[in-house]
Amino acid sequence: MKTFKIGGIHPEENKLSADKPIEVLPLPSKVYIPVSQSLGAPSKVIVEKGAVVKTGQVIAKGESFISSNVHSSVSGTVTKIDDITDTSGYRRKAVFIDVAGDEWEDGIDRTPEIKHEITLDRDEIVRKINEMGVVGLGGATFPSHVKLMVPEGRKAEYLIINGVECEPYLTSDHRLMLERGEEMVIGVKILMKALGVSKAFIGIEKNKKDAIVHLSMICSKLSGIEVVPLKVKYPQGGEKQLIKAVINREVPSGKLPIEVGCVVNNVGTALAVYEAVQKNKPLIERVVTVTGKTVQKPSNLLVRIGTPVSTLIDHAGGLPEDAGKVISGGPMMGKALTSLDIPVVKGTSGILIMKGEESKRAAALNCIRCARCISVCPMGLEPVLLAQLSENQLFERAEKERIMDCIECGSCHYTCPAGRPLLDYLRLGKNKTGILIRNRGKK
Amino acid sequence: MNLLTVSGSPHIHTQQSVKSIMYGVVIAMIPAIFVSVYFFGLDAARVILISVAACLLVEWTIQKYLLKGPVSITDGSAVVTGILLAFNVPANLPWWILVIGAIVSIGIAKMSFGGLGKNPFNPALIGRVFLLISFPVQMTSWPVPKGLFGSQITDAITGPTTLGVLKEGLDAGKTVQEIMASPEFPGYLNDLLGAQGGSLGEISAIALLLGAAYMLIRKIITWHIPVAYLGSAVIFSGILWLVDPTRFVDPAIHLLAGGMMLGVFFMATDMVTSPMTPMGQIVFGVGAGLLTIMIRVWGAYPEGVSFAILIMNAFVPLINNAFKPKRFGEVVKNG
């Protein structure tokens, strides 16, 4: 069984919603669409208060190389353009829309017919993906068209599709592979064409046997796409870990996957690419898992971007009485939400509701130097040392100990028997060390 | 509605805790406790109880009245130290010497450095070595194994330890073969099962191995330190034995006799005082193995495990600095 080699953990999987088909969430009455939904520069709002918009209409334009268009996910009236607290907890600009009907922009193919033939050429594909606001749906929301433009002097050999879904609880990618597998695979073909590669791998953890079987069957009729079953181990879906597992190459410290001839995209992204290129449909909705041990109806919902989290929770049976924490994403890397009005964005893979007693951290004890954090770190770092250096503000030394390699997977903190908040210190240290490095560059 | 908690990821946590690790070690010591009570009778139970109680009391007193902070004696670490200290002394040790040992172990070797996790040296070993140097007579008067309901052990009836007999014999100019043929010598089987003189917990290799297996299965310890320690001790003593079998005993005796098994599995693997990376742990184990044999063969004391581990404890910060884990993406070997 293929896997990454260094470190890793195996938390309880708790895939409560794995057998729940994707349901279309009814349209909400209001949406709040943040205008910076991708890594890079925020997009520029091009609608005004009072404007009437259609579903799929561009409402914010990406103006720099690393930025992306944002489209209206509903039809209705723009009521205001104001700051809203988003998933990160920061206040950022968003377009507020009151929903009226569901009138779509012209030119978007909404028929269920699957279009197999890829007619656009490479440049047209990249342009289309950019135009349709497709970003990485695995969580990092890196604009997809940028990944497709291979820098001078580098060559893409392989496309790796991330269907690992190693986070406990989450099942949105799993359901998507099962129910939209055929379209997703066409998306993979499109990405292969855009990159000019002849080989693609779809990495899937072995706990999703049905998805492995289903996609293997689809791919057996095509050439150049191979499904790779992977060992169930967190963080198998980390970009660098996935590359190591699938083609046994290590992305060097501080470098991108293209350094080893790879481009990695999530399965959700591949589907979005299919819809953008074949159906002319912008990225305005995504599959979101709503789950938790005490959630009445754990479900997988197809949700319009901008829908408030509370709408999703209501659909899944309402906020349980014992709810103590609401998380956007999975339990390992997700962010705890400060409010239930926060909207679903392109990077929202799941909403996880934790029980009250599971929500609070235990008090941290003294480190007993058991070295479990070192043995589980998938990057081969020493979290205990890096946390100490951060705590003591020794960032120069932290840089030498490779703090910037940390992928923030949280395995160290998860596994610490003394309950020390290692990742908190590592994040702080990465932030400060990053500032240090950037300032050095300026001199 | 309840207020929601907001905290950084990760939001789930392993079940393993400091407590579960410490009590896991206690469980692993149960076979050796049984063997000690079987061979030394209720005296062994007396020593273990006094030692554990004294360690807990010292820690509680210091945390409550000196530091005036939270009391954490339930975390199990003082219990582990207490049992280990008892394992390292003869079964007939007077109670007040045990209490002094507990004060040194917990008070000086552990709490003065900041408590659990902060001590550079293994507390139980510091306690043992302190007692060995301060009370050499009491600490080396090994009671003869009597059995659970045997008559009261007195200081007058003392039995030989394997390593003690060896050292004396060699110092008197006898060859290894002559010593091993003498009736005083306990022999391999007794070393393995525990029918020999010695500290409470060290007499039975089998009981200690059982406990070690438990700790390995529960992932409380890893194989690195024990394998490196035993490996280097066997190889080094094996070389000496091959060079001159009349002056040096075979490696099996070194493995089974004295505190080797106890030290290797229960004290060298103490996570607080051993290196943190696999490579560092191997270096630590090899160093401790070499030092143990050197002290046993050429040192003034017949036994060298305690000193060897304490000396290697001192090197731990250096070892941690010198042996880093293999970083991801460092050695780029592609293909």
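Visitor: What makes Lys360(A) exposed?
Guide: Keep in mind that this is a predicted model. Lys360(A) has 12 other C-beta atoms within 10 Å, and exposed stands for 12 or fewer, so Lys360(A) is exposed. You'll find Lys360(A) in the loop between helix 9 and helix 10 (372–376) of chain A. From there to Ile33(A) is 31 Å in space, C-alpha to C-alpha, and 327 residues in sequence.

Visitor: And why is Asn280(A) called partly exposed?
Guide: Asn280(A) has 17 other C-beta atoms within 10 Å. Buried needs 20 or more and exposed needs 12 or fewer, so Asn280(A) ends up as partly exposed. Asn280(A) belongs to the loop between helix 7 (267–279) and strand 13 (285–291) of chain A. Its phi is positive, about 60°, although Asn280(A) is not a glycine.

Visitor: Is Lys219(B) buried or exposed, and how do you know?
Guide: The count for Lys219(B) is 12 other C-beta atoms within 10 Å; with the limit for exposed at 12 or fewer, Lys219(B) is therefore exposed. Phi of Lys219(B), a residue other than glycine, is positive too, near 60°. Look for Lys219(B) in the loop between helix 10 (205–217) and helix 11 (224–243) of chain B.

Visitor: Why is helix 3 of chain A described as largely enclosed by the rest of the structure?
Guide: Helix 3 of chain A covers residues 172–179, and seven of its eight residues are buried, so the helix is largely enclosed by the rest of the structure. The buried ones are Ser172(A), Asp173(A), His174(A), Arg175(A), Leu176(A), Met177(A) and Leu178(A).

Visitor: Now to chain B. What makes helix 1 and helix 3 of chain B roughly parallel?
Guide: The axes of helix 1 (residues 18–40) and helix 3 (residues 77–87) of chain B cross at roughly 25° and come within 9 Å. Angles under 35 degrees count as roughly parallel, so that is the label for helix 1 and helix 3 of chain B. The crossing is left-handed.

Visitor: Which residues make that contact between helix 1 and helix 3 of chain B?
Guide: Helix 1 of chain B brings Met22(B), Val25(B), Val26(B), Met29(B) and Ala32(B), while helix 3 of chain B brings Ser77(B), Val79(B), Val80(B), Ile83(B) and Phe87(B). By class that is nine nonpolar, one polar and no charged residues.

Visitor: Why are helix 1 and helix 2 of chain B called oblique, then?
Guide: Their axes cross at roughly 135° and come within 6 Å. Roughly antiparallel starts over 145 degrees, and roughly perpendicular runs from 65 to 115, so helix 1 and helix 2 of chain B are oblique to each other. Ile33(B), Ser36(B), Val37(B) and Phe40(B) of helix 1 meet Asp43(B), Ala44(B), Ala45(B) and Ile48(B) of helix 2. The classes here are six nonpolar, one polar and one charged.

Visitor: Where does chain B divide into domains?
Guide: Domain 1 of chain B is 18–139 and domain 2 of chain B is 162–322. Their C-alpha centres lie 21 Å apart. In the contact, 31 residues of domain 1 face 29 residues of domain 2.

Visitor: Which helix gives the most to the domain 1 side of that contact in chain B?
Guide: Helix 1 of chain B does, with 13 residues. The domain 1 side as a whole has 24 nonpolar, six polar and one charged residues.

Visitor: One last thing: which peptide bonds are called cis, and what are their omega values?
Guide: One is the bond from Tyr234(A) to Pro235(A), with omega near -5°. Pro235(A) sits in the loop between strand 11 (225–230) and helix 6 (239–247) of chain A. Another joins Ser9(B) and Pro10(B), with omega about -5°, and Pro10(B) is in the segment before helix 1 of chain B.

Terms used: Residues are numbered from 1 along each chain as its sequence is written. Chains are lettered from A and ligands numbered from 1 in the order in which they are written. This is a predicted model: local features need pLDDT of at least 70, side-chain atom pairs count only at pLDDT 80 or more; totals for chains, interfaces and linings use all residues. Axes are lines fitted to C-alpha atoms, for helices over the stretch in contact, and angles run from 0 to 180 degrees between N-to-C directions. Helices (H or I, at least four residues) and strands (E, at least two) are DSSP runs, numbered from the N terminus. A crossing is left-handed if the near helix is turned anticlockwise from the far one by less than a right angle, and right-handed if clockwise. Two residues are in contact if their C-beta atoms, placed from the backbone, lie within 7 Å. Ala, Val, Leu, Ile, Met, Phe, Trp, Tyr, Cys and Pro count as nonpolar, Asp, Glu, Lys and Arg as charged, and the others, Gly among them, as polar. Domain bounds come from an automatic or database domain assignment.
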